[in-house]
Amino acid sequence: MMGQGKAIAVRRERVDEAAAGQRIDNYLLRICKGVPKSHVYRILRSGEVRVNGGRVAPTYRLAENDEIRIPPIRLAEKTASGPAPAGEPLPVVFEDEALLVVDKPSGKAVHGGSGVSFGVIEQLRSQRPDARLLELAHRIDRETSGLLMIAKKRSALTALHDMMREGRVEKRYLTLVAGRWANPLQHVKEPLFKYLTPEGERRVRVSGDGKASHSIVRLVRRWSRFSLLEVELKTGRTHQIRVHLAHLGFPLCGDDKYGDFALNKSLEAEGLKRMFLHAARLSFAHPLTGEAITLTADLPAELQSFLAHLDATEPRKHG
């Protein structure tokens, strides 16, 4: 439930290094908590928001030391939810003054929303209250484990977004699929289209109307009924690995959206109680220094345990 809210006076904000480079609309949405997105865009279009005394478009990118005038806004007061609990620290794989990379566990969303009160980013902000900036550089699915990049400087965030858009960040995942994958290396270039189900859930399908998508699949190991694959993403579409492989007849084990549901149930009885998808490797140039960085995250114990189970129960196939 929302309270009646409270009015605030005109605010004047000075843009610091952490916010420099951010779009004005995203900046306002971040600092005006509880204000509907439609209202933020209305005050931008009407010119009530001023930067250095002048009107700006919603796409204007802030510069350090810009002065922002924000008109009085009625802020909704939430009465139910509190701050995100700090929880246990996430395993840190890499950290410096500009970048943080954690090994995210399966089952934890990267951010709040869609029925999830809080995620990795809210947890990190709760654990690090003195951090000037913590922003997700990219996203991985809630059910996926592995490497997740968080920017600690706006300049690093902008650079990482540019690098990923230009294909200069190498992302490799490990996944177990149903079926005997044949090719040692295979390029998959099926276009992907996002849509909503009648229940309002987000889904993706292969469609000529979709966006260009490119996955490179390498065979790692194979059993009589399953294959362990490494998938390199050349594009970063929603659910790309899951949809590409399911489309080819190799659904991910444990995938509750695009998988083989009867098989998933039997695999759960054998010990696989999650989707087998893990962000295992990142290679990129540091967004500020240019230093070559390669990071890896081992398969979580529950996935290693299931592979050991397959070794003990399934004939290995090499040919």
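This is a short chat about the predicted model shown above.

Me: What should I know about the model before I start?
Reply: The model is predicted, and local features need pLDDT of at least 70, side-chain atom pairs count only at pLDDT 80 or more, and totals for chains, interfaces and linings use all residues. Residues are numbered from 1 along each chain as its sequence is written, while side-chain values use heavy atoms, with hydrogens and water left out.

Me: OK, how many helices and strands are in the chain?
Reply: The chain has 7 helices and 17 strands, where helices (H or I, at least four residues) and strands (E, at least two) are DSSP runs numbered from the N terminus.

Me: Where is His239, and is it buried or exposed?
Reply: His239 sits in the loop between strand 15 (226-233) and helix 5 (240-247), and because its relative accessibility is 7%, His239 counts as buried. Buried means under 20% relative accessible area, exposed over 50%, and partly exposed in between, using a 1.4 Å probe and protein chains only.

Me: What about the phi of His239?
Reply: Phi of His239 is near 55°, a positive value in a residue other than glycine. Most residues other than glycine have a negative phi.

Me: Switching to Ile241, which residues is it in contact with, leaving aside neighbours within four places in sequence?
Reply: Ile241, which lies in helix 5, is in contact with Tyr173, Val231, Leu233, Leu252 and Leu277 once those neighbours are left aside, and contact means heavy atoms within 4.5 Å.
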